Amino acid sequence: MNNILKKSRHLFANNILGFFFIAVVLFWIKTYIGYRIEFNLGLENGLQQFLLFINPISSAVLFFGLALLAKGKKSFKWIIRLNLLMSLWLFFNIVYYRSFTDFITLPTLTQVQNAGDLGPSVLALFKAHDVFYFIDTVLLIVLYRFKNFKVEDFRLKRRTIAMVYLAGLAIFAINLGLAEKDRPQLLSRTFDRNYIVKYLGMYNYTVYDAVQNTKTYAQRATANSTDIAEVVNYTKATSAEPNPKYFGKAEGKNVIYLHLESMQNFLIDYKLNGEEVTPFLNSLAHDNSDFMYFDNFFHQVGQGKTADAEFMLENSLFGLPQGAAFTTQSQNTYQAAPAILGQKGYTSAVFHGNYKSFWNRDKMYKSLGFNQFFDANHYNMENKEEVLSYGLMDKPFFKESIPMLETLKQPFYTKFITVSHHFPYAMDQEKATIGKLNTGDASVDNYFQTARYADEALREFFVYLKKSGLYDNSVIVMYGDHYGISENHTDAMSQVLGKEVGAFENAQLQRVPLLIHAPGVKGGEMHQYGGQIDLLPTLLHLLGVESKEYVQFGSDLLSKDHNQVVPFRNGDFVTPDVTSIKGKYYDTKTGELVEENQDILNNKKRVETMLNLSDQVVNGDLLRFYTPNGFKKIDPADYDYTYEPDESKEPVTDK
């Protein structure tokens, strides 16, 4: 026994295995601390806490074990390099989570071109203690540089390396077995990344994500015309019949969508120090003659955020569980609103004060069938006081959009994408017309000033719409695209709302404004539950276009048959009676926990079916196999957004 102990001490004392062991332990502890500090994983019992504690071990052993295949110095260097790479991956996920309350997936890496435009947003997410996530890398470098370990020119025996890998695999197998005991079918029946990270760890999740995405990319290659049949049968069977009271009431009218960046519904009627934050939106919400105001309308975005909102708006298809269809599926065949209406005489255009490559819009808009795209090249971007890193501020944006809008042949289908009310909600205090809140959370405190600015910009644009006559001849739809304040700010939001904000309250905060003006249609407050997936069939029916023949997963908000189950991208849902959050169920009116019953199970199954079928359509590009009667497939080559400025004209300024 003494000889074995001596050999063990010699084996781990100052050679590559000792260095490997120290690297694993340091990385394990660092990662676990990061999990607890940075991520809200919803730990519910002792087993989940234990699994979160041990799950970094297998990742560290298996990944660092790759370095043991090298010889001599290279083994030490590769352990340090792998440690640095995995530390960077942890850090990038932490920063991403601070903004999106989510983890990086492989498809989100296709969105990195957006990061350059969002510099201040990214910098605002860094914290002083972030250096902690690289301390173990520094310690390993110090240990290696100061020759605390023998760097011998030999390679470990294969048997030793195999034992290391068997140990790592055994730890992972135990981890997975315990996870399956607490969450059966963990890897096959969840839309929520939090579950997998909580049970298996962030690094093992990355491997899982890579496997899942490989399967996804294979879907398109193996898809065929029979795959769309089930989808068409489902959407036809669940389609809501138009309400005769509203169907065709706005036939032939223009359409103006106003995309309200980061606008949450709690802002309606909210007062800061006795002053309304959004007085103009408030006035429209309570205008019972002109505007329908939907106060139970939810965003349903995933990782694509703004792009997901647009995707649902135009297609009535859900965004993807990973990444954004705008960046990964822009080559697909779609039956989108601009194409449907374009074949009925409408001219379509998007107005956005950012460059056309952002969110890959210049490619996706062609597949959707937009005739024109007025991006940043069409606006005056020279006045730095009016330009943010993510685009032109709302007031000059609307002002400069007016001459371009007037060039469009009517009836037109248009969308105006605003950006001023965007994280980190930076506001020149000389332009601010309302004070800041004082919770100590900068994101929350600044949120109200940019919301007020966006509200003022809308009011100015409406002055033009009414003066020009467009107001009386247009359907105007205003909608919030996604949350502005994530669940990472619950302490500050508790101060804002004057009550503790937990999981249930946060789910209710996912309401966003929806206001619809349709000439000849009486307004008023509308209390039915719905989401962004429902906007397209609602609009089409107002315009007198039957939606049943198209593959759409939403249902007309104004129909008597409207389905009030609102799915979220992670598989949760909300109805007028029940709110489902990560396997728990709450009474939507009281917030009290309720037991699972048959109605809940039916709704859960419906949500899973909708999300799965929608994903099949998008990932498999199934609409290429189905063309509704009277619809002509879009050819993206027919569209060109090249901009050639007219040198004879003076640039538009805000002077």
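The model is predicted, so local features need pLDDT of at least 70 and side-chain atom pairs count only at pLDDT 80 or more, while totals for chains, interfaces and linings use all residues. Residues are numbered from 1 along each chain as its sequence is written, and side-chain values use heavy atoms, with hydrogens and water left out.

Colleague: Is lysine 73 buried, partly exposed or exposed?
Modeller: Lysine 73 lies in helix H4. Buried means under 20% relative accessible area and exposed over 50%, with partly exposed in between (1.4 Å probe, protein chains only). Because its relative accessible area is 47%, lysine 73 is partly exposed.

Colleague: Which side chain does serine 59 join in a polar contact?
Modeller: Serine 59 belongs to helix H3 (residues 46-64) and is buried, at a relative accessible area of 1%. A polar contact is a pair of N or O atoms within 3.5 Å, one able to donate a hydrogen and the other to accept it. At 3.2 Å, the partner side chain is that of asparagine 204.

Colleague: What separates the C-alpha atoms of asparagine 83 and valine 24?
Modeller: Asparagine 83 is in helix H4 and is buried, with a relative accessible area of 0%. Asparagine 83 and valine 24 are 59 residues apart along the chain, and their C-alpha atoms are separated by 8.9 Å.

Note on methods. Helices (H or I, at least four residues) and strands (E, at least two) are DSSP runs, numbered from the N terminus.
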